Amino acid sequence: MATASSSNISYGSVRLNHLAALDVKGVDAEKFLQGQTSAQVNLANGQFAPLTCFCTPKGRMLANAQLLRIGDDHFRLLLSHSLLDSLANHLKKFAAFYRAELIPMPDFSFIGASEEASALAEQFNLALPQQVGTHSTSDQHCVIRYPGETPRWLFCFDSHINGNDIQVDDDEATRNAWQLEDIRNGLAWLTDVQQDHFLPQMLNWEALGGISFKKGCYTGQEVVARAHFRGQVKKRLMRASVKAESLPAVGASVVNSDDKAVGEVVVSAADEQGSVELLAVMSTKVAEEATPLFLAGKPLTLLPLPYAIERVDPEQLAITISG
């Protein structure tokens, strides 16, 4: 996961409600996941938490997630709350053939933290990981280092915060700040609105190390690999800004000067200047041709991403982290 962003966003801690956890347990849990997910599952070693995704046989994303090994024969997927039930139901069709159990955790709590991260880690008896994409666990609690110019961490836990010494914000403005940092780092979490819609590469998932091209088969692998090796990906996640008073809907159309749709919004957040920053999947031609773009009639400005659009092997990321 990339670590750069365009500005510092500072906050203590904020309760996040857009994420959920799906646990996979059992002696066949690793084998089962290996056949379904784009990650090389054994890279999830209790420290490195690879990005991953789940696809249809046609290579379209059902969900993207971060994969954690919590313990022996115990993995945890962190994903959009809106996809928790649908992904669990999809995977149950395959889990029936393995000694593996899928356990949705809809009541797990998630806290994004910056300034309060050390205090939260101490309260939950967690070591605070310093490298992006790594995590630590204690009992059912876990914390992951997230990308961002301002150091930030995602905590997930199955119990309420004890004590009154830690102030956790529970407001949309602070959640917006967390979302804005995701956008500035080119990180988009798929939701139910656009499920079964994008190839993983359309969310730049291979540029973030979310696809292993060295592992064996998994559902959708043939289509995903063919699109990569034949250069067939003609749409990409791009970052942009627009002067707007409200956030666009997910799926809102980006159009060119001929009013032709050339992209669609995936996620958006308000920035410090009163504009909206967003990530949208758009035709690669819009960047090549520098064509004028519009969203709801207002000019859209393309912004740089903090990473190159090129393949990053998760196997190499794991070596870099462990080394």
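## Second largest pocket

In this predicted model, the second largest pocket has 14 lining residues, and those nearest its centre are Lys260, Ala261, Val262, Ser283 and Val286. A pocket is an open set of points, on a 1 Å grid over the protein atoms alone, where a 1.4 Å probe fits and protein lies on both sides within 12 Å along at least five of seven lines; lining residues have an atom within 4 Å of a point. Strand S13, strand S14 (276–283) and helix H6 (285–289) each give two or more residues to this lining. S13 gives the most, with 4 residues. Helices (H or I, at least four residues) and strands (E, at least two) are DSSP runs, numbered from the N terminus.

The space in this pocket is about 260 Å³, a volume being the space filled by probe spheres set on the points, which are joined across faces, edges and corners. Its lining has 5 nonpolar, 4 polar and 5 charged residues. Ala, Val, Leu, Ile, Met, Phe, Trp, Tyr, Cys and Pro count as nonpolar, Asp, Glu, Lys and Arg as charged, and the others, including Gly, as polar.

## Largest pocket

The largest pocket holds about 460 Å³ of space. Its lining has 23 residues, with His18, Gln179, Thr191, Val267 and Ser268 closest to the centre. Helix H4 (172–184) and strand S13 (261–270) each supply two or more lining residues. H4 gives the most, with 6 residues. By class, 13 lining residues are nonpolar, 7 polar and 3 charged.

## Basis of the values

Residues are numbered from 1 along each chain as its sequence is written, and side-chain values use heavy atoms, leaving out hydrogens and water. Local features need pLDDT of at least 70 and side-chain atom pairs count only at pLDDT 80 or more, while totals for chains, interfaces and linings use all residues.
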